[in-house]
Amino acid sequence: MTVGELLILLALGLPLFAALVTFAVGRMPDVRETLMLVACIALCIITMSIFVRAGAGDPPEMMIAQPMAGLEFAFRIEPLGALFGVMASVLWAINSLFSIGYMRGKREPSQTRFYMCFSLAMFGVMGIAMAANLFTLFVFYEILTLATYPLVTHKGDAAARRAGRIYLGTLVGASVVLFVPGIIGVASIAGSTTFTPGGLLPGGTDPAIGNMLLLLLVFGAAKAALIPLHGWLPAAMVAPAPVSALLHAVAVVKAGVFTILKVSAYIFGPELITALPAATWVLWVAAATIVIASLVALSKDDLKARLAWSTVGQLAYISSAAMLPFATGLAAGGMHMVVHAVAKITLFMCAGAIYVATGVTRVSQMAGAGRRMPVVFTLFLIASLSLIGLPPTAGMWSKLLLVNASFGSGEWATAAAMIASSLLSIGYLLPVAFRALFAPPTSLAPDFVRPGGTPGPALVAAILTGIGCIGLFTGAEYIADYLEPLGAITLLETAP
Amino acid sequence: MNAIALEASFALNVALLLMLVAIAAAIAWTRSLVAAILLMGVYSLASAVWLVVMDAADVAFTEAVVGAGVSTVVLLGATLLVRPGPVRVDWRRAIAPAVLVVGVGALLVLAVSGLASFGDPSSPANAHVGRSYLVETPNDIGIPNVVTAVLASYRGFDTLGETVVIFAAGIGVALMLGFGPRSSLPQPPVQPGEHHVVLRVTARLLIPLIILFAFYVLFHGDLGAGGGFQAGVILAVAPILHALVFGLHATTAAIPAGFVRGVAALGVLVFAGVGVVCMANGGGFLDYDRLFMPRVEAMIPPGLLGDPTHSHNWGQHFGILLVEVGVLLTVSSTMVTIFYGFAGRATHDVGSAR
Amino acid sequence: MNFVVTHFNYLAVIVLMMTGLYVLFATGNLIKRMIGLALFQTSTALLYISLGKVAGGTAAIKIYPDSPEAQALAAQLDPAYVAQFGVSGVVYSNPLPHVLILTAIVVGVATLAVGLSIAVRIREAYGTIEADEIEAVRAREPGE
Amino acid sequence: MADAIHWIGGGLVFAGTLLTLLGGVGVVRFPDVYTRIHAASLTDTGGATLVLIGLGILSGFTLETLKLAFVWAFVMLTTPAAANALANAAFSAGHKPRIGAFQIMKGESSEGAGPAQRDGGVAP
Amino acid sequence: MTLFEAIYVTPPALTAQAPILVVAGPLIGASAAALSPGARTAWMVSVLTAAFALWMSVAVVTEVAREGVVDYALGGFAPPLGIALRIDALGATLALLIASVGLLGALYSGHALSSEVYPGKHGLFQAGYLLCLAGFLGLVFTGDAFNAFVFLEVSSIGTYALVAVGEARDRRALPAAFNYLIFGTVGATFYVLGVGFLYGATGTLNLVDMSVRLAALGDNFAVQAGLAFIVAGLGVKAAIFPLHGWLPGAYAGAPSLVSVFLAATATKSAIYLIVRFVFDVFPTGGFGQTFLALIVAPLAAAAAIVCSVQAIFEKEVRRILAFSSVAQVGFIMLGISLATTGGLSAGVFYLVAHALMKGALFMGVGALAISVKARTVEEFYGLGREAPWSAAAFAVGAASLAGVPLTMGFLAKWSLIAGALEAGALWVVATLAVGSLLTLVYVGRLLEAMFFRAPLPGATRAHEAPFGVLVPLLVMAGLSVWFGVDSSLPESLSRASATGLIGSAR
């Protein structure tokens with residue numbers, strides 16, 4: 001067994017191991033959580049080494065089984081996947097830290113099942129990141145869906161079960177009715193589903209079929225929450241904050257957009273995307289999604305709901321990036337995926353921290369809360385800036401590249417939508433932090449419901465990601481270069 | 001097609017068919033179950049006559065024995081058990097079937113328009129395989145009754161299946177009616193039929209004759225109409241008659257139900273066993289030419305069957321006889337099992353003569 | 001019209017079969033249904049037999065050409081016909097359908113016996129053999 | 001000669017069938033069970049006898065004749081016995097004859113009426 | 001086929017006779033079982049016979065793999081005079097399937113029967129079971145149209161009684177069995193009618209001979225109506241959509257062993273015969289396939305949708321599974337009616353997959369029903385915790401039914417949709433997609449009930465099924481997974497069947 005295979009097995013095995021351990025020692029919370037953190041750290045190391053190897057040009061590969069001709073169950077790392085893997089594992093580690101604080105702080109029931117599903121979800125994510133073909137990706141994609149279902153329904157009350165039904169119904173339904181036929185269509189045209197640089201489908205594919213397949217696959221990946229398949233995302237807000245963080249930053253939605261990026265880059269390839277009118281249709285849908293989502297977010301008073309809708313918008317950025325015939329779009333999309341992940345997880349952890357500390361969920365009640373917990377709201381401010389795309393945060397670069405790419409490819413509508421939504425996001429994000437931090441002290445400021453305010457681990461986690469938001473501002477160039485193999489053209493040439 | 005030959009038989013054929021149609025209409029019409037059942041018996045008898053006109057002697061025999069005999073008895077037994085009222089007729093529920101029937105009938109008429117006309121000797125059905133049976137039988141089998149030859153040798157596998165079907169029916173009836181609370185009959189309070197002196201005398205006289213006749217039919221099978229199946233049913237009549245006259249209790253005492261079931265299984269074993277023996281001697285399944293080992297075959301003096309050129313017919317003869325015996329065993333015992341099942345369910349008064 | 005004559009047997013058999021089918025589906029009485037079924041099956045047998053009839057033929061039991069009955073039979077037919085369709089001087093009907101129908105009849109009686117035994121058990125379990133009443137009883141049961 | 005045999009035999013067969021037909025009419029038309037049984041059984045035996053003799057004459061003296069004789073014996077044995085059983089059953093089921101007066105022992109008049117009535121209801 | 005050469009050793013003399021032994025073995029075994037004194041003996045006889053049948057059918061499969069088509073003339077008479085067995089790849093595949101399910105069922109019956117059937121009946125019950133086995137095996141092996149009818153009846157008449165025996169557990173088995181008998185017999189009689197017309201038009205009953213003469217015959221009302229009657233008659237047995245009325249009651253009422261065996265084999269063998277007539281007997285591209293495409297395909301599509309919906313609204317677990325069976329038959333027929341190599345092989349593959357998954361599901365229900373008489377979905381609440389192993393096997397079967405990746409069901413749906421895409425039949429793809437979605441809904445209901453719900457208050461606590469029941473159950477479920485990870489064996493078999501049938505164009 002080569003080193004690469006060993007790495008892959010470890011990357012897959014560690015989350016499973018974590019799940020088993022959690023199940024085994026569920027009785028003893030301390031042991032359970034220590035072991036989980038250990039697994040997280042180890043996973044981070046593994047993914048990073050994979051990242052390095054992939055960058056160095058000998059990507060690990062592994063072939064598990066071949067159920068049918070043209071249907072392999074195999075793994076192969078490429079830059080985007082490696083990046084996704086690192087991002088997911090690191091954020092998972094941080095998120096675990098946060099959730100430990102959160103769950104203990106809120107004394108949530110049945111934490112063992114919670115952590116188990118958490119680890120299983122991470123197993124799914126690792127599989128998605130390293131999948132060598134559409135089939136393998138699909139398998140782990142569904143594992144992820146099923147593993148996160150109990151997390152969404154964690155509360156167990158009627159509302160939670162209803163949300164869970166929407167969640168499962170939308171995701172599974174979309175993948176059965178749209179995604180699977182899409183995969184099979186690809187397989188029956190190309191004879192396999194392997195991700196191949198430059199596009200698996202032959203250039204001469206009949207446009208009609210190409211359009212159909214593209215639409216099937218893009219909308220089949222309902223985790224990307226393009227309108228009209230976005231309904232599950234706000235509904236899933238009933239879940240506790242760490243779950244929301246996982247869903248919206250690390251695992252689920254990112255898996256969706258990641259799938260779309262992979263499909264665009266490795267199944268269709270820039271040329272075919274350029275040729276297909278369906279790409280433009282998707283772009284329009286994405287643009288509409290961006291604007292609509294931002295407007296809705298503006299109208300929401302519940303903080304988590306607001307964040308959720310902003311996520312819908314931000315995901316649409318990445319989806320449209322994947323559809324930009326201009327190959328840099330892919331790089332930009334990959335980069336925005338990471339940046340948004342970091343920023344959004346910070347926001348959610350802040351929201352969770354606020355909730356644990358004060359029990360407040362509505363924006364209108366947070367006026368002046370910043371006096372009591374300045375750190376949290378400062379972090380919130382930083383993350384907001386990153387999301388809006390202002391220096392000195394990483395968001396700036398990714399948005400710049402995105403707008404740039406869409407201009408460069410003459411997609412004015414997309415560009416306009418992005419700019420507009422950035423302005424709108426100023427409107428729905430900044431006031432939260434400002435009102436909390438700089439509002440005059442009033443008697444309305446919420447009190448701590450929990451002695452000691454924010455639990456320590458949660459705070460630490462938030463700080464880490466907050467630093468990440470700024471740190472990526474400097475590291476952006478590196479990421480962009482790392483992702484370069486995706487597109488044919490380098491950053492410098494993209495200037496209009 | 002030959003005018004003189006056809007007319008007489010054709011007129012008879014038409015008359016009998018019209019008669020059958022009339023009887024069928026009566027069956028559909030009547031409200032009384034018993035009437036319907038007896039009409040079924042009449043229908044079977046009439047169709048048996050028609051079958052004779054159609055040169056299907058064996059089938060006529062079987063139809064008479066089964067349709068008019070066994071079916072009627074079983075139907076009456078069941079009716080006795082369920083004690084139904086008059087059949088209710090509801091016009092609303094009769095419409096859909098009528099439509100269905102008309103549709104299927106139209107399709108059938110369309111279908112028969114594709115068939116050769118009746119009695120045509122050069123029609124595919126009569127020209128191809130059917131004729132070659134007539135031609136080949138003297139060589140391959142060497143018995144006069146071609147129907148028996150085809151039944152027991154050429155298509156012996158079908159007959160094995162048929163035997164198994166009967167066996168399965170026996171199993172089914174035994175599973176349904178052979179067990180449970182009322183399966184064991186109490187001794188009837190009064191000796192049944194003690195005021196039926198005439199019947200008992202007649203029965204004593206008849207039962208041996210019936211058995212004798214059954215074996216006559218069995219052994220006569222390859223010369224004329226008859227064979228294991230008909231013989232089996234006839235043989236089964238003996239115990240049934242005994243039970244009707246002397247009471248089921250006496251009969252089960254003489255021939256226990258378990259024993260009868262065993263015999264049914266035995267019959268299948270005999271039939272299949274013949275096939276296995278043929279395989280053991282290097283032939284195919286049911287290949288009677290290999291029924292005997294070559295050594296035994298060699299011992300048979302040539303010409304013993306009149307025809308020195310086909311000494312292997314010896315094997316055919318014995319094979320056919322043995323499988324017919326197997327059929328006889330299974331059929332007769334299954335018929336008795338069925339009778340036991342229905343009669344055993346009933347209260348004692350079935351035992352008395354009716 | 002000629003068709004009606006040449007195919008009279010088939011048409012009559014169709015009428016019989018359809019009568020059986022009608023009886024089977026039109027009544028709710030289980031025993032009457034079994035009667036209809038038996039009628040249907042028997043009539044199907046008649047179709048086969050009609051297929052196997054050969055004009056001027058006799059039962060497929062070998063008789064020597066020089067025996068008196070063979071002579072009597074041959075006397076009614078013209079020699080050319082006998083020569084063409086006869087086997088060694090005698091015209092026989094087709095034995096194959098007879099064999100098939102022997103089997104079919106047996107299957108029919110087997111079905112009849114099993115069906116009636118089930119009907120008896122139904123009577124014992126439900127107290128009726130009318131389909132709609134059974135349905136009524138079932139409708140009252142849990143899990144339906 | 002052959003013609004004579006043909007005519008005599010045919011005539012006998014025809015007479016037999018006629019007798020059986022009459023029996024059938026009697027079964028439908030006669031008032032009560034006993035007379036119906038009477039008509040059926042008597043004409044059956046008689047008709048069968050005539051038909052069988054006729055057939056025997058037609059077939060000439062061969063093996064067929066022997067078989068026919070056996071059939072005749074069988075009919076002669078069974079039909080009256082069946083008629084007897086039927087009458088017996090009807091009687092024990094309490095059917096009162098409409099024609100001719102004779103006493104029924106008290107107490108036997110009504111037992112197990114059901115099945116016997118069905119037997120009586122057979123005639124269409 | 002390497003797998004078989006590896007595991008399989010049979011003296012050549014036996015190999016030569018294997019085809020008939022596959023059929024005759026169970027017949028003899030049935031008589032032996034009927035003769036055997038006690039329940040245990042009968043069970044042993046049943047197991048041994050089934051094992052022998054499986055052994056022989058493996059021999060046949062290897063033979064077919066070597067020679068393509070195996071012919072066996074019975075009674076030493078060459079067809080069309082004599083009856084001949086003719087085993088093509090499809091027949092061999094089904095024989096293998098039926099024999100394996102038969103063996104697992106026989107093993108399973110050891111404990112399962114005792115809770116459902118009065119002990120005194122075991123001997124006869126096993127005999128009936130073996131007769132059904134023999135009937136189905138004969139049905140897929142015979143090369144003679146009328147002989148097929150005989151075996152159809154052998155299996156059916158056994159089945160009616162076996163279903164009715166379920167009245168010990170649930171008296172509704174009786175009317176269900178009666179319905180089944182009526183429908184089944186009408187179907188069989190229609191089949192005989194059809195065969196009669198084909199015989200009247202061709203003068204032969206041997207299928208090969210018949211196909212030759214049909215090709216020469218051209219269009220003829222008798223032939224076409226004959227095929228219509230044959231397909232309609234067999235369609236009753238195969239539970240093709242409007243003719244499926246008998247199925248839910250029968251599956252729901254029968255003893256679990258019988259449900260397992262029927263669900264896995266009965267409809268399948270009927271489908272086999274339909275395929276045999278349409279593609280093998282009738283000239284390729286001729287009336288047969290037109291009939292299939294114009295009449296059967298729409299009905300199958302309707303079944304896939306309508307019956308799935310019925311399953312969703314059904315309360316009883318067994319009836320849910322039964323309705324799903326009808327819907328799945330619709331899927332299979334959709335694949336077959338594409339009349340392309342891809343579609344046909346996909347249909348066959350789906351057929352095998354469905355047999356295995358439904359077998360596992362019904363076995364699972366039976367295993368759970370041993371300890372707790374659970375019937376409705378509510379009564380299944382929480383069984384996942386109380387009987388983990390049975391529930392796990394059930395879940396595997398359900399997953400395969402829903403088409404979860406890495407189960408055989410997924411590959412089946414995959415190849416079916418791929419075949420439809422090849423044939424360019426997009427409406428079939430749409431139907432399959434919607435049908436699968438509906439399937440997910442009721443499967444999800446079952447799994448949620450078993451694993452995510454707490455038992456009803458006052459419900460009897462279930463406990464794990466006995467070992468003798470668990471082993472065949474787990475094997476059956478394991479097969480679904482094994483073939484889901486490495487489908488080379490069923491894939492090659494179904495591929496071979498399809499090429500054999502489409503290729504056998506005369």
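Across the interface of chain C and chain B, the rule finds 20 residue pairs in polar contact, both partners at pLDDT 80 or more. A polar contact here is a pair of N or O atoms within 3.5 Å; within protein, one must be able to donate a hydrogen and the other to accept it, and residues adjacent in sequence count only if both atoms are side-chain atoms. This is a predicted model, where local features need pLDDT of at least 70 and side-chain atom pairs count only at pLDDT 80 or more, while totals for chains, interfaces and linings use all residues. Side-chain values use heavy atoms, without hydrogens and water; residues are numbered from 1 along each chain as its sequence is written, with chains lettered from A and ligands numbered from 1 in the order in which they are written.

**Chains B and C**

Of the 5 pairs of chains in contact (heavy atoms within 4.5 Å), chains B and C share the most contacts.

Next, the C/B and E/A interfaces side by side. Buried area is the accessible area (1.4 Å probe) that two parts lose on being put together, summed over both.

| Chains | Residues in contact | Buried area | On carbon and sulfur |
|---|---|---|---|
| E and A | 22 residues of E, 22 residues of A | about 1,900 Å² | 85% |

In chain C, the residues that lose the most area to chain B are C:Lys53, C:Lys62 and C:Leu102, together 8% of what that side buries.

**A serine in α3(C)**

C:Ser43 sits in helix α3 (residues 30-52) of chain C. Its relative accessible area is 0%, so C:Ser43 is buried (buried is under 20% relative accessible area, exposed over 50%, partly exposed in between; 1.4 Å probe, protein chains only). Apart from neighbours within four places in sequence, C:Ser43 touches B:Tyr43 along with C:Val13, C:Leu16 and C:Met17.

**Around chain A**

Between chain E and chain A there are 0 salt bridges and 0 residue pairs in polar contact (both at pLDDT 80 or more). On the chain E side, α17 (408-422), α18 (426-452), α19 (467-485) and α20 (488-503) each give two or more residues, with α17(E) giving the most, 8 residues.

Chain A makes no contact with chain C, their closest C-alpha atoms lying 26 Å apart. Chains A and D don't touch either, with nearest C-alpha atoms 64 Å apart.

**Cysteines**

The structure holds 0 disulfides over all chains, a disulfide being a pair of cysteine sulfur atoms within 2.5 Å. A:Cys44 counts as buried, at 9% relative accessibility. For A:Cys117, the closest cysteine sulfur is also in A:Cys40, at 15 Å, too far for a bond. A:Cys117 counts as buried at 8% relative accessibility.

Methods: A salt bridge is a side-chain nitrogen of Lys or Arg within 4 Å of a carboxyl oxygen of Asp or Glu. Helices (H or I, at least four residues) and strands (E, at least two) are DSSP runs, numbered from the N terminus.
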